[in-house]
Every structure is written in structure tokens, then in C-alpha cells.
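Here are a few friendly notes to read alongside the structure. Please keep the sequence and the 3D view open as you go.

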Amino acid sequence: MRAASSLHRSEVLAYNKRTHPRWIGGIDVAKHGSLHLEPELSEKLHRKAKIAAGHVTGIAKMLEDDKYCIDILKQIAAVQGTLTAIARDLAHSHIIHCVRSSIDEGKGVRAVEELLQTLKYLQRA
Ligand SMILES: [Cu+2]
């Protein structure tokens with residue numbers, strides 16, 4: 001299998017269907033369409049993402065309205081903070097569920113790949 005980053009979403013979903021059981025950590029994976037996000041976390045991250053989207057829209061408007069640079073920078077920092085928090089929560093959940101699942105299934109190489117990918121994206125966050 002190619003690196004996950006070079007896969008189309010449909011390929012990843014097909015791979016996940018083949019390699020993961022339907023139920024993980026009490027979550028019906030088929031029902032929720034996710035291998036690692038518990039409904040409460042999904043809702044929390046969705047809410048934060050919508051807040052960040054609102055801030056980005058606000059930043060665009062501030063630029064359009066030629067607002068004071070420091071005020072715009074404050075908004076940018078706030079969005080970055082929100083996105084970083086989302087990334088951390090997502091990475092934490094991914095390690096707990098997806099990486100552990102790979103370990104439980106005896107797929108050590110896959111688990112290491114999952115961890116390395118997590119670290120790679122966290123460094124950018
Ligand atoms: Cu995951």
C-alpha cells in the first residue's frame with residue numbers, strides 16, 4: 001500500500017474497511033463513518049472548526065476594510081491557536097484509537113507509520 005498521503009479518500013476508506021473491525025472502542029465505525037472520532041469529540045472539533053472558519057472570514061473582512069495590522073494579527077493568532085488545538089485533539093484521538101488498533105492487530109509497521117504521520121502533521125500545526 002502506498003503512503004496514505006498519496007491515496008484517494010475512497011482508497012483509504014476501502015483499506016480501512018478491509019483492515020479494521022466494524023466496532024472500535026464501542027463505536028460503530030460503519031455508522032459513524034470514522035475509525036477514530038468519538039461522536040462527542042467529532043462535535044467538539046466541528047464546533048471549533050466552524051469558529052475558526054468564522055474568524056478567517058473576519059480576517060478577510062478586516063483586510064478588505066483596511067483594519068489596523070495588530071488587530072488583524074491578533075485574529076490570525078487566534079485562528080492558528082484554534083487550529084492547533086483541533087490538530088492536537090485529533091492527533092491524540094488518532095494515537096489512542098488508530099495506532100493502538102494497529103498494535104492490537106499485530107501490525108507494528110503500520111502502527112509506526114501511523115505515528116510518524118501523526119508527528120509529521122503535528123509539527124506543522
Ligand atoms: Cu485516526
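1. Is Lys67 buried, exposed or partly exposed? Lys67 is partly exposed, because 14 other C-beta atoms lie within 10 Å. The scale behind that word is this: 20 or more other C-beta atoms within 10 Å of a residue's own make it buried, 12 or fewer make it exposed, and partly exposed is in between, with C-beta atoms placed from the backbone.

2. A word on the source. This is a predicted model, in which local features need pLDDT of at least 70 and side-chain atom pairs count only at pLDDT 80 or more, while totals for chains, interfaces and linings use all residues. Residues are numbered from 1 along each chain as its sequence is written.

3. Now the overall picture. The protein has five helices and two strands, arranged along the sequence as α-β-β-α-α-α-α. Helices (H or I, at least four residues) and strands (E, at least two) are DSSP runs, numbered from the N terminus. Of the 125 residues in the protein, 8% are buried. Among contacts with a separation of 6 or more, 49% join residues 24 or more positions apart; a contact means that two C-beta atoms, placed from the backbone, lie within 7 Å.

4. Start your tour at helix H3 (39-64). H3 has 26 residues and spans 37 Å from its first C-alpha to its last, close to the expected 38 Å. That expectation is 1.5 Å times one less than the number of residues.

5. The loop between H3 and H4 holds both Asp66 and Lys67. Just after H3, Asp66 takes a positive phi of about 55 degrees, and Asp66 is a residue other than glycine. Asp66 is exposed, since 8 other C-beta atoms lie within 10 Å. As for Lys67, leaving aside neighbours within four places in sequence, this residue is in contact with Met62 and Ile72.

6. Next comes H4, whose 36 residues reach 51 Å from first C-alpha to last, close to the 52 Å expected at 1.5 Å a residue. Look for a kink of about 35 degrees centred on Ile95; the bend at a residue is the angle between axes fitted to the seven residues ending there and the seven starting there. The buried residues of H4 are His94, His97, Cys98, Val99, Ser101 and Ser102. After H4 comes Gly106, with a positive phi near 75 degrees.

7. How do H4 (residues 69-104) and H5 (residues 108-124) pack, and at what angle? The angle is about 175 degrees, with the axes 8 Å apart. Axes are lines fitted to C-alpha atoms, for helices over the stretch in contact, and angles run from 0 to 180 degrees between N-to-C directions. H4 and H5 are therefore roughly antiparallel, a label for angles over 145 degrees.

8. Finish at Arg124, which sits in H5. Arg124 is exposed, because 7 other C-beta atoms lie within 10 Å. The C-alpha atoms of Arg124 and Thr84 are separated by 8.9 Å, with the two residues 40 apart along the chain.

How values were computed
Angles under 35 degrees count as roughly parallel, over 145 as roughly antiparallel, 65 to 115 as roughly perpendicular and the rest as oblique.
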